[in-house]
Amino acid sequence: MSIEVKNLTYIYNPGMPGETRALDGVSFEVHDGEILGIIGHTGSGKSTLLQHLNGLLRPTSGQVFVDGQCITDGKVRLVDIRRKVGLVFQYPEYQLFEETVAKDVAFGPRNTGLEESKIENRVRAALSLVGLDYDEIGESSPFELSGGQKRRVAIAGVLAMRPSVLILDEPTAGLDPAAHREILSMIRTIHESMGIIIIFVSHNMGDIASLSDRVIVMDKAKIAMSGTPQEVFSHDKQLAAMGLDVPPVRSIMMQIAAEIPSIQSNALTTQEAAEDIRRAIPGFEQ
Amino acid sequence: MIRDITLGQYYPGDSPVHRLDARTKIIGTLLYIIELFIVNNYWGFVIAAAALFAVIALSRVPVKFIFRGLSAVFIIIAFTFLLNLFMVDGRVLWHWKFLTITYEGLSRACFMAIRLVLLIIGSSMMTLTTKPIELTDGLEKLLKPFGLIGLPTHEIALMMTIALRFIPTLMEETDKIIKAQEARGADFESGNLLQRAKSLIPILIPLFISSFRIAQDLALAMEARCYHGGSGRTRMNEIHFGKGDVVAAILMVIFLAVIIASRFIPDLF
């Protein structure tokens, strides 16, 4: 499984007042099993980009290939693409509508024409992947759940379609720290157990640094940078010019390095930082 | 798709029409609607259409923009056209099985369709060239005399402001929900009428919940800023009649006279 985006351009309201170029010649690839993080200032084109990956938007020009198949020429069945590429929008809990959690999660698989007998198993599996128990909440109303639970139910609704690619638009926006951590570990679990491509957008640089294999930086409808989190976050000045930060651990380590030159660290996570500090203090191991 | 509906939308600009006082435009629009019902022959419509196109040209709102937004409304007009066409008795023009078109039916259908098209474009010219907030300010001022007999004019104006303000918000919300459900494989475009109606449930329920959430947030935000109704409230921008409004008023009176006169000239057909 792979995704290839070639020279993608999208213009909102062409020929109207408020014509905007939301994407301008964007090209990149995502390889099998990769976790790709996308960062960028509000309005840089991230959400527009995501909507092209499962055919919700048709590009003004350019192509998107999913698993070698072009999805932008209008020849593929959209239902097939949407089954393959699961897209979870920002605040997905606002899309819940069924009477029970189980029915809501079953909405996607049912739309793809899956047999009724297999649906319950799908729903059970999807709910357990997001850390919820079918027997406990399957029959309750989705509107009775807590914010974090609602969001996980909505994500389960997309996972139940067994996508080969999971796209998440700001999966942790507006959650309290506990729910935030739960969503992050849930994304890791999904990635480990399903082995699928995960693409996610986040404004939380800590999340980006700790989850992604590769990072794409969007700025003014174009890809401004791409590379491993280490590479991308070493350009802190360029990122600042685009209105973006480095992960908090990185900025703390930079301040420490300014005060104590013997502690030089490129750490992005707390574990890496702890190791670097330990190494920098002689005799600490004893 | 849903974003294309521009009914009630504002088209930013700085034309003589945009600069008119909202009250002038409200009265003008009302007058125009009444005049469309005074018209009793096609000459009247020719004059009314000419006046409307003059206003559109003066406002510099692209014709394409106006019509694109009204495509949904034109379906309703087509429907009334067909109803009139087949339902009126009279001299038979064409007959096939149970369908009959009469001369009277055809003439009434055309007449009504033209009237409706002019009516809708005419009133959308008002909303296209007036900011919603100016519109409701103007309405509040116009309704003020009725406040003496207990009409809650400020509240009516506020309700209208909120309704107009939230049309784009709710459309955006609808668009988002449609996309989210489409991402889950929902199909809104195929199936018979019943299936299509059923496929709207996944949109309508989240939309309903969203609108309650939005309403509650708005109420809280207004209370937090000490909103307590209209009494004793002053305005930052008082609206004033200008030179343009005088010219507009004179033109309106002349136009009214012309329309009334058109009743007495022999019809085109």
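On this tour, two residues are in contact, or touch, if their C-beta atoms, placed from the backbone, lie within 7 Å. Keep in mind as you look around that this is a predicted model.

**Stop 1**

Select A:Val105. Which residues does A:Val105 touch, leaving aside those up to four places away in sequence? The partners to highlight are A:Val123, A:Ala126, A:Leu127, A:Val153, A:Ala156, A:Gly157 and A:Ala160.

**Stop 2: chain B as a whole**

How many helices and strands does chain B have? Chain B has 10 helices and 2 strands.

The C-alpha atoms of chain B fill a box of roughly 65 × 55 × 40 Å along the principal axes. Chain B has 269 residues, and 20% of them count as buried. If you take the contacts in chain B with a separation of 6 or more, 75% of them join residues 24 or more positions apart.

**Stop 3: two helices side by side**

Select residues 42-59 of chain B, which form helix α3, and residues 103-129, which form helix α5. Their axes are 11 Å apart and the packing angle is about 25°. Angles under 35 degrees count as roughly parallel, and so α3(B) is roughly parallel to α5(B).

On the α3(B) side, pick B:Phe45, B:Ala48, B:Ala49, B:Leu52, B:Val55, B:Ile56 and B:Ser59. Facing them from α5(B) are B:Ile114, B:Leu118, B:Ile121, B:Gly122, B:Met125 and B:Thr129. Colour this contact by residue type and you will find 10 nonpolar, 3 polar and no charged residues.

**Stop 4: where the chains meet**

Bring chain A back. Here 18 residues of chain B are in contact with 22 residues of chain A. On the chain B side, select α7 (153-183) and α9 (201-224), each of which supplies at least two of the residues that touch chain A. The largest share, 7 residues, comes from α7(B). Which types of residue make up this side of chain B? They divide into 10 nonpolar, 3 polar and 5 charged.

**Stop 5: two arginines with positive phi**

Finish with a backbone detail. Select A:Arg162, in the loop between α6 and β7 (165-169) of chain A. A:Arg162 is not a glycine, yet its phi is positive, about 50°. Is A:Arg162 buried or partly exposed? With 18 other C-beta atoms within 10 Å, A:Arg162 is partly exposed.

Then jump to B:Arg60, in the loop between α3 and α4 (63-87) of chain B. B:Arg60 also has a positive phi, near 60°. B:Arg60 counts as partly exposed because it has 14 C-beta neighbours inside 10 Å.

Conventions: Residues are numbered from 1 along each chain as its sequence is written. Chains are lettered from A and ligands numbered from 1 in the order in which they are written. This is a predicted model: local features need pLDDT of at least 70, side-chain atom pairs count only at pLDDT 80 or more; totals for chains, interfaces and linings use all residues. Axes are lines fitted to C-alpha atoms, for helices over the stretch in contact, and angles run from 0 to 180 degrees between N-to-C directions. Helices (H or I, at least four residues) and strands (E, at least two) are DSSP runs, numbered from the N terminus. Angles under 35 degrees count as roughly parallel, over 145 as roughly antiparallel, 65 to 115 as roughly perpendicular and the rest as oblique. Ala, Val, Leu, Ile, Met, Phe, Trp, Tyr, Cys and Pro count as nonpolar, Asp, Glu, Lys and Arg as charged, and the others, Gly among them, as polar. A residue is buried if 20 or more other C-beta atoms lie within 10 Å of its own, exposed if 12 or fewer, and partly exposed in between; C-beta atoms are placed from the backbone.
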